[in-house]
Amino acid sequence: MSKAPNSKEWPLWEVFVRAKNGLSHRHAGSVHAADSKMALEAARDTYTRRMEGVSLWVVPSNAITASDPRDADELFAPAEDKIYRHPSFYVIPEGIKNI
Amino acid sequence: MYTTELDKQQKSAAPIAEDPEKLARFEARVAADDFIEPNDWMPEAYRKTLVRQISQHAHSEIVGMLPEGNWITRAPSLRRKAVLLAKVQDEGGHGLYLYCAAETLGTSREEMIEALHSGRAKYSTIFNYPTLTWADIGAIGWLVDGAAIMNQVPLQRTSYGPYARAMVRICKEESFHQRQGFEIMMVLAKGSAAQKRMAQDALNRWWWPSLMMFGPPDDNSPNSAQSMRWRIKRETNDQIRQRFVDATVPQAEAIGLTVPDPALKWNEERGAYDFGEIDWAEFYAVVKGEGAVAKERVAARVKAWEDGKWVRDAAQAHATKHSMKAAAE
Amino acid sequence: MRSELALRLGDDGLILGQNLSAWCGHAPMLELDLSLSNIALDLIGQATLFLGLAGDADDLAFRRDVLDFKNCLLVEQPNGDFAQTIARQFLFSNWQEPMLRDLAAKGEPAFAAIAAKSVKEVAYHARFASEWIVRLGDGTEESRTRLIKGLDWMWRFVDELFEGEHAALRPEWDARIDSALREAGLERPAARRGIVGGREGHHSEHLGHLLSEMQFLQRAYPGAAW
């Protein structure tokens, strides 16, 4: 990214919206804003114009740490030999409900 | 529609040699309908093509605010005024989603805007036509948004995640845009003789430019094959253009307006409309920057940006002062 | 009396909404374009509802001439630069919010219902404008200068807001205004004799031009449906 060090551009913020109580916040997109109050208002005006939310979070984009996709195997794939974490490993006799 | 076809004048750079194993894995993912996310490995050509396409799509939305914005203060009823303002605001919002999607690929809002203002970046040439009467607002909603929707729906499954998600959001909001335009035309076509004339005149001026929105004929699109393989482009220009004609002609007939194409004829064998030859000389002239109000459009965007600089600077200065104060406490 | 009130409330919203809508496509930043348009939409929505209590809203909006418009002079002042627009919004919304709150609590049911819905929107307008007063007042030298000019322009029309029973709203308005100005490091503009007359149909020169533009189509094609 080629941005001049003293660029006057407003920083980027990521926006998370909780559509209704009971649901988690979901990433909706981003906005540029100079400060957090503005970011919240921009997020409201951009991502909840059609009443799509009860709660907004805005986070400076550079405060977010992302996992490296190359580490995906390590972080996310279940280790081949640890299959006991999967419910399918356990045989439940028929007739037992709610499990 | 917003693609490299608009940049026909630019020579493509020599292709970078990519790691063949990484490239093969990438191609396989895309072919399997998987989504590519911001930090994933991607060929440089893919990144470049996407930055250009997404940012040009964004520029189109922003410039697109101007022809319709031209009539907000003159809308002929309170309802029309509110609906038009909401529509133009939506377009601004769409531009915003798309600029943000493009930024995930390593460019900045400021860079993209600079490219637009300098003329390096293009935008959909339809917006370089003027809005002369209120009926133009109807024609734009009906035809231009109609054409855009046909292009956008398939892009909801484009390969790049942020672009696809922006398209989903845009498509959801787009539904009322075309309907309000058609409704305007319908009311005018059923109205007084002067209104009917206004509507027909607008259709006469906006029909062919709308067909041109889909881009050059398929035999003239060099980058198409790669873009299709990478799921950046989902269908050929001619395919979508034909679908647009087939959907729209009956709509015009239903409200008693005549499509300005003497060669237009239903072809029973094909199950589609045959239509006349597009004036490609006009298309390329407009792409080159000779559209009737191209200068006005860019000038308006440049003015807004430059006139607003002191505002952006002030907000930034204020934020800096206060974060320094907070840090000192 | 009832229709007089409906016209005042409706015309305030309509004229200010009309002015704000001119920013669409031209704001300093895309995010701001959306914010200003949102405010314009809210105001036009309110105007439509309030005018509807006095008659046919479109008829009233598009076929009255200046002498019959009852908006305050503040809302018809031109946009100028962003600072002037913010100054106008700041002074107006910080009056409109408590005014609507009172109307929601004590007004006739039809008015109270509209006011109750509108006051939430206007609370946001007031907050938005007040925050920008601080950003511009305590931003750069240029933004401060422009804002001082903008506030000075608009200050002439403040007294009119507090005519008649609205005088009771003044202390709260003063407190809100002074709080934001203090945070922005600004002084109140110099006191002066307020210009009034809008509520009686005696407007500034700006309103005629605004109406010419707004009403053109309906006047050029009388009786047409749109």
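Chain A has two helices and three strands (DSSP runs numbered from the N terminus, H or I of at least four residues for helices and E of at least two for strands). This is a predicted model, in which local features need pLDDT of at least 70, side-chain atom pairs count only at pLDDT 80 or more, and totals for chains, interfaces and linings use all residues. Residues are numbered from 1 along each chain as its sequence is written, chains are lettered from A and ligands numbered from 1 in the order in which they are written, and side-chain values use heavy atoms, with hydrogens and water left out.

### Chain A

The order of elements from the N terminus is β-β-α-β-α. Of the 99 residues in chain A, 27% are buried (buried is under 20% relative accessible area, exposed over 50%, partly exposed in between, with a 1.4 Å probe and protein chains only). Among contacts (heavy atoms within 4.5 Å) with a separation of 6 or more, 41% join residues 24 or more positions apart. Mean pLDDT (the predictor's confidence in each residue, from 0 to 100) is 77 for chain A, with 63% of its residues at 70 or more. Over residues 1–6 of chain A pLDDT stays under 50, and the model has four contacts for them beyond four places in sequence. Where pLDDT is low, the predicted coordinates should not be read in detail.

### Helix α1 of chain B

Helix α1(B) covers residues 20–31, which is 12 residues, and its first and last C-alpha atoms are 16 Å apart, close to the expected 16 Å (1.5 Å times one less than the number of residues). Its buried residues are Phe26(B), Glu27(B) and Val30(B). Viewed down the axis of α1(B), these fall within an arc of 95°, so they line one face of the helix (the arc is taken over directions from the helix axis to the C-beta atoms). An α-helix has 3.6 residues a turn, so residues three or four places apart point the same way. Cover for the buried residues of α1(B) includes α2 (44–69) and α8 (224–229) of chain B. The face turned away from the buried side carries the exposed residues Glu21(B) and Arg25(B). Just after the helix, Asp33(B) has a positive phi of about 65°.

### Polar contacts

The table lists pairs from the model; a polar contact is a pair of N or O atoms within 3.5 Å, where within protein one must be able to donate a hydrogen and the other to accept it, and residues adjacent in sequence count only if both atoms are side-chain atoms.

| Side chain | Backbone atom | Distance |
|---|---|---|
| Arg47(B), polar atom | Leu105(B), oxygen | 3.0 Å |
| Ser143(C), polar atom | Leu136(C), oxygen | 2.6 Å |

Arg47(B) is in helix α2 of chain B and, at 23% relative accessibility, counts as partly exposed. Arg47(B) and Leu105(B) are 58 residues apart along the chain, with their C-alpha atoms separated by 6.7 Å.

Ser143(C) lies in helix α6 (residues 141–155) of chain C and counts as buried at 0% relative accessibility. Not counting residues up to four places away in sequence, Ser143(C) touches Trp310(B), Ala314(B), Arg135(C) and Leu136(C).

Leaving aside neighbours within four places in sequence, the contacts of Phe82(C) include Trp310(B) and Val311(B), along with Trp23(C), Trp132(C) and Leu136(C).
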